[in-house]
Amino acid sequence: MGATQVKQKMGKSVQMTSVEDFLDNVAYQKLKKLLHETFGIDCNGYRDEYLKRRFAIRLNATGANTYSRYVRYLKKNPAEFNLVLSNLTVNYTTFFRDSDVYVYLEKTVLPRLFKSKEVRIWSAGCATGEEPYSLAILVHKLLGKELSNYNVTIFASDLVEVALAKAVEGEYNKKQLMGLADSLIGKYFSNSGESYKVKDFVKQMVRFEKHDLMKPSLRKGFDLILCRNVMIFFARESQQQIHMHFYNALRAGGYLVIGKSEVLGGEPSRKFLCSDVNCRVYQKSLADGCCRPSCDLRVAKADALSLNNSAGGQSIVVQ
Ligand SMILES: C[S@@+](CC[C@H](N)C(=O)[O-])C[C@H]1O[C@@H](n2cnc3c(N)ncnc32)[C@H](O)[C@@H]1O
């Protein structure tokens, strides 16, 4: 056995691991720990092959090439932390993404929810805001003048502050509005040159907050939760844990919408009823509890980076 190899004879199989690989794996664990300590992200919830694919981009870009060198690089260049985080969490999104899902919400889910005058919606993993603003536009379009008789709140959360800051700004270019009818653009956006800004009456319907989905939601009593195209990041157990967080945050009869390429597994698959399989819309049984808590549980200060987008301007208020 060579000096750089650890040979393990396990009965029939022979496994060889180079010392370099072993040390690099130690550094990989160290990198995950650093991200946990810096951002509070529990990387253990993410799939290893996913993490390694995403880290590889930064390892190459910085020329570090190995985890050991990259960890040293990170410690010397704190600005790199934001780059590795942005790289880890892909923020791609569009307005009215998967339009059939919005049609189902418009025709089936929202009319049921509007039997009550108070409706709470959560766009979890909202990236740069296109999803919650699409929901706000849809609600506005559906309720029209009746909206003032309703109390509709759309919470929108993400882990990445840069994405949330863009969401709060609510400013997009024409390419980002692709797929939106001109009539909707004219009604819901103010155009100035290249910029299209979400109008204040739409912004007022959405409340942005920083929230890590690995942690249970401190807000409860939701009628509708959308968490789409987020689960790709997570290991199967974490996906199930997050879906159970949603289950607990929904009121009885509330709806969960997941991404088109995502599935409910394990316990959540037994807890939710399927409302529409193609649109991946699920419902919490009406028989399962009856409460609609009128207020949120205490929102922990650390989680309450409250990005308040009131009409007067977009202030990022760290409480
Ligand atoms: C691809 S985008 C999806 C945006 C939108 N839901 C959609 O379907 O178009 C995924 C988002 O999930 C967010 N995300 C990843 N891990 C997260 C976590 N642990 N907690 C909260 N958000 C997370 C990312 O920052 C990113 O903005």
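Which residues in H2 meet which residues in H4? The views below take this contact first, then the sheet and the ligand. The model is predicted.

**View 1. Helix H2 packs with helix H4.** H2 covers residues 48-62 and H4 covers residues 80-88. Arg-54, Ile-57, Arg-58 and Thr-62 are the H2 residues of the contact. Their counterparts in H4 are Glu-80, Leu-83, Val-84, Asn-87 and Leu-88. By type, the contact residues are four nonpolar, two polar and three charged.

**View 2. The crossing of H2 and H4 is right-handed.** The two helices pack at an angle of about 140 degrees. Their axes lie 8 Å apart.

**View 3. Three strands make up an open antiparallel sheet.** The strand order is S5-S7-S6. S5 (171-173) and S6 (189-192) are the edge strands, and each pairs on one side only. From one strand to the next, the twist averages 30 degrees.

**View 4. Strand S5 pairs with strand S7.** S7 spans residues 195-198. The pairing is antiparallel and runs over three bridges. In general, strands of a sheet pair through backbone hydrogen bonds.

**View 5. A shell of 21 residues surrounds the ligand.** Thr-89, Thr-93, Gly-125, Ala-127 and Leu-159 are the closest. How does the shell divide into nonpolar, polar and charged residues? It holds 11 nonpolar residues, five polar and five charged.

Note on methods: Residues are numbered from 1 along each chain as its sequence is written. This is a predicted model: local features need pLDDT of at least 70, side-chain atom pairs count only at pLDDT 80 or more; totals for chains, interfaces and linings use all residues. A residue is near a molecule or strand if its C-beta atom, placed from the backbone, lies within 6 Å of it. Ala, Val, Leu, Ile, Met, Phe, Trp, Tyr, Cys and Pro count as nonpolar, Asp, Glu, Lys and Arg as charged, and the others, Gly among them, as polar. Axes are lines fitted to C-alpha atoms, for helices over the stretch in contact, and angles run from 0 to 180 degrees between N-to-C directions. Helices (H or I, at least four residues) and strands (E, at least two) are DSSP runs, numbered from the N terminus. A crossing is left-handed if the near helix is turned anticlockwise from the far one by less than a right angle, and right-handed if clockwise. Two residues are in contact if their C-beta atoms, placed from the backbone, lie within 7 Å. Two strands pair if DSSP finds at least two bridges between them.
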